[in-house]
Amino acid sequence: MVAPETSVTKAAPTLLPQPGDAAIPMALLELELSLDGFSGSKDEFAAFVRTVAADIGGELLFTLPASGLIEDCLTIAAIRYSDAGKAPTILFVCLGGDGTAIRVEQPGERTADLKSFAEAFVGVLERI
């Protein structure tokens, strides 16, 4: 009797992120966790985001109504965060449609123009 053939497939090794390549910088993780503590209202959103951004070494640039630009979002706060030695990053903090939940969004296709506006806004501020 002949033993049945068995096939063995090798799993591709998973590459771990390198120290300089971390998927989520620690400060951004801290930002996400700090934003979870929001228990205010729409009126308190900007002040809360300003405080949390400052805590991680970032800055609030501006807030504006989302106007359908980002799904399930009433208000967008643009913040700038700079990791040590790296170019500054623009992030959007969104006040959810229910007016209580906050989340962080990275610029994407729909918000590319808003990101450009935020970068131009920073350019103007730096010249003042």
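Predicted model: local features only at pLDDT ≥ 70, side-chain atom pairs only at ≥ 80, totals over all residues.
**Helix 3, length.** I started with helix 3, which runs over residues 112-127 and has 16 residues. From its first C-alpha to its last I get 23 Å, close to the 22 Å expected at 1.5 Å a residue.

**Helix 3, buried side.** Next I looked up which residues of helix 3 are buried. They are L114, A118 and V122. Around the axis they cover an arc of only 85°, so they sit on the same side of helix 3.

**What that side packs on.** I then checked what the buried residues of helix 3 pack against, and found strand 1 (59-65), strand 2 (73-81) and strand 3 (89-96).

**The other face.** Turning to the face of helix 3 that points away from its buried side, I noted the exposed residues D113 and R127 there.

**R80, buried or exposed?** I moved on to R80, which lies in strand 2. Its relative accessibility is 19%, and buried means under 20%, so R80 counts as buried.

**R80, polar contacts.** Which side chains does the R80 side chain make polar contacts with? One is the side chain of E59, at 2.6 Å. Another is the side chain of E126, at 3.2 Å.

**R80, everything it touches.** Leaving out residues up to four places away in sequence, I listed G58, E59, L61, P88, T89, I90, V122 and E126 as touching R80. V122 I had already written down as one of the buried residues of helix 3, and E126 as a polar partner of R80.

How values were computed. Residues numbered from 1 in each chain as written. Heavy atoms only, no water. Helix = DSSP H or I, 4+ residues; strand = E, 2+ residues; numbered from the N terminus. Expected span 1.5 Å × (residues − 1). Buried < 20%, exposed > 50% of the residue type's maximum accessible area, 1.4 Å probe, protein only. Arc of directions from axis to C-beta. Contact = heavy atoms within 4.5 Å. Polar contact = N/O pair within 3.5 Å; in protein donor to acceptor, adjacent residues only side chain to side chain.
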